[in-house]
Amino acid sequence: MKISKINYFIKKHFNIYIKNGQSTIEFIMVLPFVIIISFVFLQLGYLIYLQNNIEQSARETARIIATTNSNDKAAYFIRNNLTGKYITFDNVCFIPGSESERRIGEYIKVKISIRYGGFGNILESFTGKKVILNAESTMRMECGNQDEI
């Protein structure tokens, strides 16, 4: 009885008609889907960012090896540059791998593979495949084994 008086007062003075809560129920039903879709888009954006970061790290690592001929400096750079909650190193490869095998003018290739865990774990449970991001960079050696001089 009291609610009908409030409805009458609002209708009379504010020209607003109160509905029975249909829009609230619709909002509650749609909200979980909106949250899930926004989460998926955020994760896809993070994967694109991560792929760009891995590619940049591969290029920079190839440059470090080409200019210093040091696997230790390259590995240190990769460990410090590619860190995150959901990142697991799958494979990091330098070709040729040994510092003594590299010569000035030859090419060095850096391959980085990272397994993404965050949203990738959900995808792995549905598809059975891991989400692996790969990057590769090749650069010409500027310094190498000093025995050749």
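Arg63 and Glu60 sit three residues apart in helix α2, so about one helical turn separates them. Their side chains meet in a salt bridge, 2.6 Å from N to O. The term means a side-chain nitrogen of Lys or Arg within 4 Å of a carboxyl oxygen of Asp or Glu. Arg63 is partly exposed, because its relative accessibility is 36%. Buried means under 20% relative accessible area, exposed over 50%, and partly exposed in between (1.4 Å probe, protein chains only).

This is a predicted model, where local features need pLDDT of at least 70 and side-chain atom pairs count only at pLDDT 80 or more, while totals for chains, interfaces and linings use all residues. Residues are numbered from 1 along each chain as its sequence is written, and side-chain values use heavy atoms, leaving out hydrogens and water.

The structure holds two salt bridges. Lys109 forms one with Glu136, with the closest N and O atoms 3.5 Å apart. This pair links distant parts of the chain: Lys109 is in strand β2 and Glu136 in strand β3, 27 residues apart. Helices (H or I, at least four residues) and strands (E, at least two) are DSSP runs, numbered from the N terminus.

Now the core. The largest nonpolar core has 23 residues, and Ile54, Ile65 and Ile112 have the most contacts inside it. Such a core is a set of buried Ala, Val, Leu, Ile, Met, Phe, Trp, Tyr and Cys residues joined through side-chain atoms within 4.5 Å. Helix α2 gives the largest share, eight residues.

Ile28 also lies in α2. Its relative accessibility is 53%, so Ile28 counts as exposed. After α2 comes Asn69, with a positive phi near 55 degrees.
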